[in-house]
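Hi,

Here is the structure I promised to pass on. Please look it over; my notes follow below.

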Amino acid sequence: MNKDLGGSTPATPKLRRRKHSNEIPSDISKSNGGHLLVDNNSKYKSMWIRTYSTIWMIGGFAFIIYMGHLYICAMVIVIQILMARELFNLLRKIREDRHLPETYQLNKHFFFTAMLFVYGRILSPRLVNTVTSDKVLYKLVSNLIKYHMVICYFLYIAGIIWFILTLKKKMYKYQFGQFAWTHMILIVVFTQSSFTVANIFEGIFWFLLPASLIVINDIAAYLFGFFFGRTPLIKLSPKKTWEGFIGASVATIVSAFLLANFLGQFEWLTCPRKDLSTGWLHCDPGPLFKPEHYRLPWFPDWFPWKEISILPVQWHALWLGLFASIIAPFGGFFASGFKRAFKIKDFGDSIPGHGGITDRMDCQMVMAVFAYIYHQSFVKSQSFSVETIVEQILVNLTFEEQIDLYRRLGEILQERGTSSW
Amino acid sequence: MHKEGGSTPSTPKVRRRKHSNEIPSEATKPNEAHLLVDDNNKYKSMWIRTYSTLWMIGGFIFIIYMGHLYICAMVIVIQILMARELFNLLRKVREDRHLPGFRLLNWHFFFTVMLFVYGRILSQRLVNTVTSDKVLYKLVSSLIKYHMVICYSLYIAGFMWFILTLKKKMYKYQFGQYAWTHMILIVVFTQSAFTVANIFEGIFWFLLPASLIVINDIAAYLFGFFFGRTPLIKLSPKKTWEGFIGASVATIISAFLLANVMGQFEWLTCPRTFPWKEISIMPVQWHALCLGLFASIIAPFGGFFASGFKRAFKIKDFGDSIPGHGGITDRMDCQMVMAVFAYIYHQSFVKPQSFSVETIVDQILMNLAFEEQLELYRRLGEILQERQFRQT
């Protein structure tokens, strides 16, 4: 398979070399000997390249967080597009594609459809809240939301019909393989990014904390492995060690506890965003972010702090930290196994020293899904039914009908309230 | 690849193992279009097919008569059989000997998805039926609340299990199987979940689309049998333009008439939760026209997809459970496409018509607990006040 991947000498990050062989270069790990980081001669050089890229990534990330919810979502969407493009290119066989110019267009079509579907669902309540002032725009938006499912469905069916009509003799197996591959990519990429975006609108905290924990876990595992790594962890990733894993787990859980306290003090991070505005946020963040004070009776008298204040959200953060250190790395193992299965070195080469975007995002994806599900199940107090009915009311009834419903509901509830006493 | 064949349908219970997966030479040669009109054996195969068809339709009518839950049970059984057919399809027996427990992983994911999909659908219905008992209500509502986490944990467990069972030199096969498992589960479960959701909206919305597909199939077969001359698409050489057009006309007309007939039975039209709900007959026939149009023009592409897939992987049928027809997936390929469309159509065009202040108030009173109703009232008040403020 000819591959477009190259760039294994990271000293010139902008230059991409075409490798005509997809063998892993011999100066890095031979598959028989465990090649641990501690023994690598050029390790310091590669460490500096990685550090340089890491600092840029973290810096850019911090800037986006400062800018706010919509910018973070834009960043998530950009990352998602880049990831999808990397993955689409990955198993494409250049030879076959000369006979199939439509494959690229078809992929873009399915990508666009998935994007419309997923973000339409997530952003629709916010969209409704944003355009309530203008009557015409409101009608347009609520119609779009009402028929959103049908629109996406017909776009999808059109894509399938197009696919069937472009099936070429002797290429069937390749085309079906690409079709399945497209679906898998879109599912993987869109599930996690949609959950990420949903989390962002619940409060940047619920996006920032999990993402930071993965970064901390990665960096801590790298450092612990760098200095103490001896025992290999898993055959899939020969560079990972037990010392790195355990050290990183401890570091991550402790950081989770402390970081939650630090981040929980900023309203910018803890307040949910009800609409699509970009201005400053004020709200009552809820009991999770109000500090509770605990006395420490068993500490000696000379200890300066008699009591510590803990935000209840820090206990949730412990669970997130546990997941980030024990289970999220399996996303990385999955990606490693995948690369071995298809004999590729990296998913791409966009980031010097790290590989492609998917290489960075593999654990983040697993974490994002968990963070969303955890938040929906254990943090969020509102029930699913109330949300759906409120949305039904807003989308399907006119303003006068809504007021009418409100009045009637008020009467009924008052009656029920008094009769139950 | 070893495949189970059964190309002589006269002994339906006997399954022959074919050691070659070539399509037998007495059937279509790839060069000539082999139309049904020219087939010497066509009368014999027609009788076998008719026999199986009658059994299937008869059994189906019986289940409809029995009711919502039995229909859902039938859907679930069909789904399990389809998944088993598809799981077996691309399995390579040689590799599986080195991977004990890999089959089990497929069924673990199957069970997880089943729990997730049906949990979501049933959770809405279950809340209504157990509001009487406080303890049971608490149990059910906590199951519903943590339903997502439970399913997610099961999925992650399967994911980790998969990674830990990766064997050197089998990576590519295992990843291929993993992707294949996901595709199967998505295809099978999306449509069956939508089918079940439609059943609870009123058996009419399940029966009409399914019947239209059956009518379209039978009509296409008969029109092709008697009049078929011009081949339709290279993927399915037995299909003809005469069959396609004749079947389309027949289906659309049947849709209109059938909707009238079915719409008169309350057993079919009433949704499970609101026994007092009525739908007027005339408007539903226009909906039926749209369903008929889709069933004749677009749903057959499900069949073309399946045909292309079989050609790509050089298999004759998905299975051999049904004599004369092939496997369950062979029968269900168009039904699946139709079921998804019927659900989406219903959610988008039929259900909103029934939204009015009364229906939503009743929905609120019946579906939500008292605290949730207060919560909704409060939120609605906030939103309406904000809108009023912005408009004035």
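Chain B and chain A bury about 7,100 Å² between them, and carbon and sulfur atoms give 79% of that area. Keep in mind that this is a predicted model. Three residues stand out: Tyr152(B), Tyr377(B) and Arg387(B) supply 10% of the area that chain B buries against chain A, more than any other three residues.

In contact terms, 70 residues of chain B meet 77 residues of chain A. The salt bridge count between the two chains is 0. Polar contacts come to 3 residue pairs across the interface, with both residues at pLDDT 80 or more.

Which elements build the chain B side? Those giving two or more residues are α4 (102-129), α6 (147-164), α7 (171-201), α12 (300-312), α13 (328-350), α14 (357-367) and α15 (370-391). The largest share, 16 residues, comes from α15(B). By class, this side has 49 nonpolar, 10 polar and 11 charged residues.

An unreviewed UniProt entry places "transmembrane region" features in chain B at 54-83, 104-123, 143-166, 178-197, 203-223, 244-265 and 285-306. I have figures for two of these spans. Residues 54-83 of chain B are 97% helix and 0% strand, with end C-alpha atoms 24 Å apart. Residues 244-265 of chain B are 86% helix and 0% strand, and their end C-alpha atoms lie 31 Å apart.

Last, some strand pairing. In chain B, β3 (231-233) and β4 (236-240) pair antiparallel over 2 bridges. A hairpin of 2 residues joins β3(B) to β4(B). Ile233(B) has Ser236(B) in β4(B) as its bridge partner.

Best wishes

Conventions:
Residues are numbered from 1 along each chain as its sequence is written. Chains are lettered from A and ligands numbered from 1 in the order in which they are written. This is a predicted model: local features need pLDDT of at least 70, side-chain atom pairs count only at pLDDT 80 or more; totals for chains, interfaces and linings use all residues. Side-chain values use heavy atoms; hydrogens and water are left out. UniProt positions are given in the numbering used here, feature names are shortened, and annotations may be inferred rather than shown by experiment. Helices (H or I, at least four residues) and strands (E, at least two) are DSSP runs, numbered from the N terminus. Two strands pair if DSSP finds at least two bridges between them. Contact means heavy atoms within 4.5 Å. Buried area is the accessible area (1.4 Å probe) that two parts lose on being put together, summed over both. A salt bridge is a side-chain nitrogen of Lys or Arg within 4 Å of a carboxyl oxygen of Asp or Glu. A polar contact is a pair of N or O atoms within 3.5 Å; within protein, one must be able to donate a hydrogen and the other to accept it, and residues adjacent in sequence count only if both atoms are side-chain atoms. Ala, Val, Leu, Ile, Met, Phe, Trp, Tyr, Cys and Pro count as nonpolar, Asp, Glu, Lys and Arg as charged, and the others, Gly among them, as polar.
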